[in-house]
Each structure stands twice: as C-alpha cells, then as structure tokens.
Amino acid sequence: MKKLCIGIAVFCLSNPSAWAWEIHKNLMPWVVRGLSAETLKAIENPFKPQEQGMQNENTLSHLIMELQLNPKTKLDPLNATHAREILLSGAVDEPDHGMDENLEDSADPRNDRAYMGGKTGPTSKGFRHMFFAGWNLAHPIRSFQIPPRPLGLAPERAEILAKKARFLLQIENRAWGFRVLTWAMHFIQDLSQPFHSTQIPSLEIPLWSALLGGFGNLVKESTRTVANFHWAYEGYVNTQVLKGDRSPFADCLTRAKNYASIKVNRAEIHPRELADAIAAASVELAPTVGDSVVEFFGAKLKNPEYDLPKDKGTPDYEKLSVDPTLAKQRQKLEQVTCVALANGVMGSRLLLDWAIQAVLKTNR
Ligand SMILES: [Zn+2]
Ligand SMILES: [Zn+2]
C-alpha cells in the first residue's frame, strides 16, 4: 500500500514546471497594448517621489506575513516612476522565484503538495500555481485525476493577492499595490494554461505501455511524459509570443476580447469569479490542447531519451515553427492556444481595470 501511495504522489507531480507560458513578462507588453484609454492614463500617472524606490521594507515584511510567503523572500529593488513600468518590469514573474516555496504546513491545509510537487524545493510552489477542479462524473475521462478531489490554490491566490493589491492602492501605497497586482495577474495567467488546470490534458499523453512494469512504473513514466509535453508546449508558445508583430498570436494577444472563451460580464467581475471562469475555460480547451501537442511534437516525446525538465531532448522550437510538413498540426495547436492566451491576457486586463476602478470609486 505504501508503495502505491508513493506512486500516486509521484504521478501527481506531473506538472513540475510551475510557470505557465514560460515567462510571464513576455505577455505583459501585449496586456498593456490593449488597455482602454482610461486605464492607460491611470497607469501612467506618476508616483510620488517617495514611492519610486519601493524601499519600504515594512511593506515587504507585512506582505510576507499577510500573504503567507516564504519568510526569506527577497525582492529586487524596483525603481519605477509609474505603474506601467511595474507592469512591464518582470515583477509578474516574482511569484515563481521562491516566495511560494518551502512553506509551512499551515499554508497548505488540504495537503495538496503531497500530490503537486512536494513540500520542498522549486516544485513545492506548484500547489499555488495550479488548480485541478476534481473528477467529474459528467466528464469521467476528460476530468480524470488522482486523487479525485479538487487540488491546488491558484484561484484562491489570485483573489487574495488582488484584494491585497487593491487595499495597497486604496491607502495610496501605489508602487507596492501595482507590484502585488502583477502577482495576482501571474495566477490568472497560470490558470489560462490548460496544463495548469488539468492533470492529464489528453489520454494520449500517459505512457500506458509502462503498466507492464507495474502501476508504479506507469506513474513514473507518465509523470515524465506529461512534463515533457507541458514543457514543450510552453517553450514553443514562448518562442512564438516573442516574435512581436510577426507572432502567429499577435492578433489574439492584442484583440484578446475577440478570441477569449471566458464568459464574464466586464461590469461586475470580481477577481475570484474571474479566476474560476478562466480555470473552467482552460478545462474546456484542455482536450484539444492535449491532442494537438501529441500530434505536433510527436509521440516520440514519450520515449525515454526525452526528459525536458532535466534538459534532455529539448525540441528545436524555431524549426518546428516553420516545418512545412507540420503545417496542419501547427495550425490546430496555434488555433486553440490563441484562445487560451486570449483568456490570460483579457483576464489580466480585467483584473487591472477592477483594481483601478475600485480606487477611482473610493477617491470620488
Ligand atoms: Zn506560476
Ligand atoms: Zn507550466
């Protein structure tokens, strides 16, 4: 029995990369690009001189306590004259740099870490950066996961951070407020990546033949294969996002509203509803993403010589982006990814609007 439990735990490490879309910073110029004139004006409003250096250590220790962050969290100094700079600075990636790692058990009351990356090391942040809604009888195959209960805190973290950000903005600690708001956006963006909202996006991904070596072997090998496709997907998408106006995603990222599949009413969006809507939209997209990555990268990624988190067999993403023999598979993959990216970008913009509107209202 013990062996089985260990096996299951390993299986649930299947998303060891705790980032989504590889580097969130690369999405932020697109987020800013499509903002309304009113929001743009608000984020270009200069900070007071005392806010620019963000040297206030008190705010950081307060945040560590209130947000249950790793007590050793260190942040780079962020010198910004207005919010737009913070949005583009890379602060959006800070949640991946240690603040959610090696936490006390009290931060993980349901013990999700047993199934999502363990309690120590870089993978121990995974439980805050993913959310698997749980096994659902209506879609027994699509929603299959171990264990069947909901796992992960990403929607909750998006909400907690967004509220803290809004509070800081309301007390006019604006530089920190916007910094924390980019952290909240990080979780919204994580949830828009279907590999962060489903444990097994496609039944094509596990290495079922490994069952011949026993259940433990199936679990071990499938952990590797899920991670391979997860990493390849994010690596490829990042390569394409970085192409700017030549990116196949340029239009989805700019006019995200026209492509997004989240069903939200802009006027009354609350961060938690937004996070839940994005997670649900990702679950819908997951089977197509799962099938597309297998068709595009090939079933060869399941072979033992591929272990992408360990730098073994990383695909040539640039070559894949132009290979004429993969035109059809590429189109299918990019089409579904366009929707997922649009959800993440639109969600980030909605969150920003929510925070700014709340502050404008209190100042009126
Ligand atoms: Zn993350
Ligand atoms: Zn990821």
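A residue is called buried when its relative accessible area is under 20%, exposed when that area is over 50%, and partly exposed in between. Trp-135 has a relative accessible area of 39% and is therefore partly exposed. The structure described here is a predicted model.

**Surface patch**
- Trp-135 lies in the loop that runs between helix 8 (126–129) and helix 9 (154–170).
- Together with Leu-137 and Phe-144, Trp-135 forms a nonpolar patch on the surface. The accessible area of these residues together is about 330 Å².

**Nonpolar cores**
- In soluble globular proteins, nonpolar side chains tend to be buried together.
- The largest nonpolar core in this model consists of 92 residues. Those with the most contacts inside this core are Phe-178, Trp-183, Ile-262, Val-293, Phe-297, Leu-351 and Leu-352.
- Helix 16 (residues 327–363) contributes the most to this core, with 16 residues.
- Another core, of eight residues, lies apart from the largest one; among its members are Ala-107, Met-116, Met-130 and Phe-132.
- Leaving aside residues up to four places away in sequence, Ile-262 touches Leu-274, Ala-277, Ile-278, Ala-281, Asn-343, Met-346, Gly-347 and Leu-350.

**A buried serine**
- Ser-202 is found in the loop between helix 10 (174–191) and helix 11 (215–241).
- The relative accessibility of Ser-202 is 4%, which is under 20%, so this residue counts as buried.
- The side chain of Ser-202 reaches the backbone nitrogen of Glu-204 at 3.0 Å.
- Ser-202 also touches Gly-290 and Asp-291, when residues up to four places away in sequence are not counted.

Technical notes:
Residues are numbered from 1 along each chain as its sequence is written. Chains are lettered from A and ligands numbered from 1 in the order in which they are written. This is a predicted model: local features need pLDDT of at least 70, side-chain atom pairs count only at pLDDT 80 or more; totals for chains, interfaces and linings use all residues. Side-chain values use heavy atoms; hydrogens and water are left out. Patches are made of residues with over 30% relative accessible area and no salt bridge: like charges are joined within 9 Å, nonpolar side chains (Val, Leu, Ile, Met, Phe, Trp, Tyr) within 5 Å. Accessible areas come from the Shrake-Rupley method with a 1.4 Å probe; for residues, only the protein chains shown count as cover. A salt bridge is a side-chain nitrogen of Lys or Arg within 4 Å of a carboxyl oxygen of Asp or Glu. Helices (H or I, at least four residues) and strands (E, at least two) are DSSP runs, numbered from the N terminus. Buried means under 20% relative accessible area, exposed over 50%, partly exposed in between (1.4 Å probe, protein chains only). A nonpolar core is a set of buried Ala, Val, Leu, Ile, Met, Phe, Trp, Tyr and Cys residues joined through side-chain atoms within 4.5 Å. Contact means heavy atoms within 4.5 Å. A polar contact is a pair of N or O atoms within 3.5 Å; within protein, one must be able to donate a hydrogen and the other to accept it, and residues adjacent in sequence count only if both atoms are side-chain atoms.
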